[in-house]
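Please find below a few numbered points for a colleague who wishes to go through this entry with the coordinates open.

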Amino acid sequence: AMVRGMVTGSQVAGVGAADARSTHRPPQSNGVAADNAGAGPELVVGEEDQRSIVAAFEKWDLKRNGYISESELKHVLSALGLQTAQVHAMFRDVDRNRDGKIDYQEFVRWLYGSAPIVVRKNALAPSYELCATDISIHLEDDPNFEGWFSDASSLRPFVRWRDLLTEKIICESPEGVGLKSRIDLSQVRAPLLFDIVDEGYRAVTLEVCLRRTMRSDRVLGAGKLNLSTVAEAMARGNGRVDRIVVEVFDERMEPAKVSGESTEPPKVEAAQAGQAAPAAPAAAAAAAAPAPGTASGAAPNQPGAGGAPPAEDPTPKTRPKKKPVKVQVVVGQIILALTESPVGDSTWAKRKVEAWKQIGLPPLGALNDVHSVFKSLVCSPEPNLEFSLMQSAETLALDRVQRYASQRPEDAQNDLQDILAWLGKMEDAARRSPEVQQRTAARLSKIGDGVSSTVLTACLRASPPDHQLMRHALKFATKIDPYLPEFEQVEHKFKMILKFPDKMKLSDLLMASEADMARTEPATEGLELVTDGDPMPRVEESKRYGIRDDTAARVLAMLGCKEKLARSGKNYERLAMDRISHKDFELSTQMAALMSKAIAFPGEAPATKRSIAAAIASRDRDWEALIGRFDVVALPCRAEYDVGFDKLSKEKMPFDFFGKDPREPIGGKGWFWVIHAAAINIGENTHADDFREYSMPADIGYRGRRGRGRWLDEDRYVTDMGSLWKRSLQAAVKLNVEDIIVFPFGMGAFLRNLHQLDNRYTDPAAMRRLKLRVAQGLFDAAAEVCIQSSPPLRVNVCLVDGGLEARMNHNVFVESAAEKVKEVPELKPLLKFHRNTDALELANKLASGIPPGRSDLDDEVRKVALLNGANNKLLGNHWFSNGARNAIDENLHRRSGSMCLGSLLVNMSTGPLRRSFQELVTNIQLLGGSSIQLLPYPVLTKSVKTASRILAQVEIAPYSVLGTQLSKSHRTVKRAPEPDRHTAFVDPAGLPYIQSSPGGAGGASGVIYKFLGINHDPAFPDDVRQAIQEPLQAKFHAYGERLVIHVVGPNFQGRYNCTHEEALE
């Protein structure tokens, strides 16, 4: 038999690294044996035969030099029974190129040509590869060891695998210690691999050896590991044998037994699993020769022997000398644990399936065992075994979820994930055999449906119901079959328990963090929940836009615009700006009264009171921002529509709408303050205005995904958001407000896509931590400001609970408030929570009633304030357009004409534009309002970015730098004059041309060089060539009166791994 052994990698035990490196594998090319010159047509070799041939070639190449010599061929063929003369002739026949050696191609052609049948059978026989995973050596306390070592405990035995056919060492184990030792395989860098070929000697020799200094290793004994025994054990163990015993024998010379002595050979204990007991030596049972004259085969002194018994010879005779004979003595055992290698090998699969037909399937204790058996059946299909296997699999899967309702959620989740993964692996394995896939697909689907139905039914029957078990069951059923009858019932019950609306997407709930699946109740945390309304109503777009247009028309009417919005063909932006920019425009009495109450609370000192450093730093501010980082502006307003965009007719007011009667006072019932402050936008989209300012380079030691290469500086962001909370509360105190209405300020759209800029916030836990810190900033400010004010300022927190984002915001506000109340108990009576309550409606409600004895409020703006998260470039943003249907700033303005009018006058524009320093204060004072300094001013943690300032100076031109444009007919058309001596233009230069000459350039650069008159020059000017040595460098140069900036951009053609984000950077 042929035994293939491999020890890959570097030195392991006694096999040196040099031996491992010198092993040459023959060339392989998709199952085709390459052709030698003049060797005949190409041979196509199957994949399985090729593996066997490769293994045989490697084994017969005893010196591991990549070819088979005549002596090596003689050694192997002699073991197969061929004569020496035959081997010599055969070698000459095989060695076609007469180079004195047999290469791989010659070897293949010989096997498929003139090779004897015994050779071909051995070379093409299936090979069963094994891996030793555990080795123990148990040696007898043999007196033969005395003198070799002074103490048996000092023995260092190891196991060596040797090929029976070639007598070649396959691999060796590390050394053990003592008579009974377990070999430590943890330090072996490569697995101990060997194989047994199913032909000839179907076994491999295992030797127990000891190393000797300056001498060859001593073999204490050897045993054989038989293929038949291993194969049956592998079938029973499903590709794994935990214990197989190989008896180790030592051949010794002992004197032969003389007449009268026992001729029974020494007893040899049979191997428990490795092999049968060896046959007794023939010499040990030799019989006495028959006496002369006796019949052949007849025993002496027996009747009928053919003569009378001989007379006794009185002369004493000398006993003949007996030669010593070889006997086998048990010296120990080798106990192995083996696995098939590689796992799932088709050769082993076929062998195991044949065994299973006889002995039945192996024990199946888990679904992974089913998968292991199934992979073998895919390689060697057997319908009866497949049917039995699917029955066992269904039983195992259903048993695993039988007690689903009583399981811990973590255990239930692990079980369902394991079953789902197992189903996926089974389907993947089945795809390798269309025959098996056709027979098992329906059964696997039935198993998945059965598990889904079982867990869903358990969720419906559980008392009390567990939303975590429901969630895991729904996740599983969604991937198996979301159309099961129980699925819809569990989904409805799941949403009802968690108080989510039925319209909410189940997929969003299943992907959400577990921390905010349940709602944190204020009452549970010891806080006051004043109102608990129904979920916010859905408003049709036609109704929303109808109210928007009505509000826009009333604002235009209050401005004195005679043109009608629907008839003029002009939009609100155009009509409003035409009106307020008209030279004859003046504020009406009503508008003047409204704006006289406007108050600005600037976040930085006036220009005349700033330091030189502050003045220089202000140059880097966002020059499009009307509201600075810590600016706050307060305007009186009145609500006209509720959250459903229905008219507020329940509360009777002096007039239906603000502005209908010019004599209407600004104050009294229904009037309250709106405090505009701009939250920090770090995540509205991938171009969020403030992310760059509040970010820092990513930590190079971070092993996760880094997003766009920058991280949010969370501490700075949270600090500045806390300052905004505090400034808003301080402004309310200055207005003598007694109730301020707040909501999750800047925690909606401004954080929604932060994960696209900083990938760490893909983790819901990281986003929740950030929001919790922002909410803590509100209650830290409340503890500092509200308690000290006189009278104390009540904080009304409006929270919405209608989706995952809203649920997270709801919970972090309640949790942070409860934590602060424990620290500052005096804050508890000042905190009022309102769930699913519209902030504008609540402000209207609080401002419509007059407390007893407060007649002074009849003509004043009520002591109620609503904090609005305003757009920093434009109060109200583009409330008059079709965008931002659900944004708080736009929707508050659409439902209040007074708010729209006040914002328009403060903006003095209907779109972003370049603003001057402290334009907010200037505009309000110009309109008759006032400014109040809230000291001390907050300190900016970093200068404001300059991107907006640069963009304000950029204009887009629809033609080239030379004033030309390519028409649809592909003709060059002149659209603008060429650059004059006061205008510089950019040349998108190529680095090779900059370093050589402009003559070879084409495209835009070629036209530019022709315009400059340098297209025939031998080289660029020296200063240009010296300044531009690599991409991303530029140089300004004047060619007479023509001014140009040569710029070499990045070359992405040579950067195959460049990402989009890296390219933008």
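What distance does helix H20 reach from its first C-alpha to its last?

1. In this model, which is predicted, helix H20 spans residues 714–734 and reaches 30 Å from its first C-alpha to its last, close to the 30 Å expected for its 21 residues at 1.5 Å a residue. The helix is followed by Asn736, whose phi is positive, near 60°.

2. E26 and strand E28 (residues 1042–1048) run parallel and are joined by six bridges, with Pro988 standing opposite Val1047 in E28.

3. Two cavities of 30 Å³ or more are present in the structure, and the largest cavity holds about 50 Å³ of space. Its lining includes Tyr572, Trp879, Phe880 and Asn907, and helix H26 (residues 897–907) contributes the largest share, four residues. By class, that lining divides into seven nonpolar and five polar residues, with no charged ones.

4. The second largest cavity has a volume of about 30 Å³, and among the residues that line this cavity are Arg621, Asp631, Arg915 and Glu919. Its lining comprises four charged, three nonpolar and two polar residues.

Notes:
Residues are numbered from 1 along each chain as its sequence is written. This is a predicted model: local features need pLDDT of at least 70, side-chain atom pairs count only at pLDDT 80 or more; totals for chains, interfaces and linings use all residues. Side-chain values use heavy atoms; hydrogens and water are left out. Two strands pair if DSSP finds at least two bridges between them. Helices (H or I, at least four residues) and strands (E, at least two) are DSSP runs, numbered from the N terminus. The expected span of a helix is 1.5 Å times one less than its number of residues. On a 1 Å grid over the protein atoms alone, a cavity is a set of points where a 1.4 Å probe fits but cannot get out, and a pocket is an open set with protein on both sides within 12 Å along at least five of seven lines; lining residues have an atom within 4 Å of a point. Grid points are joined across faces, edges and corners, and a volume is the space filled by probe spheres set on the points. Ala, Val, Leu, Ile, Met, Phe, Trp, Tyr, Cys and Pro count as nonpolar, Asp, Glu, Lys and Arg as charged, and the others, Gly among them, as polar.
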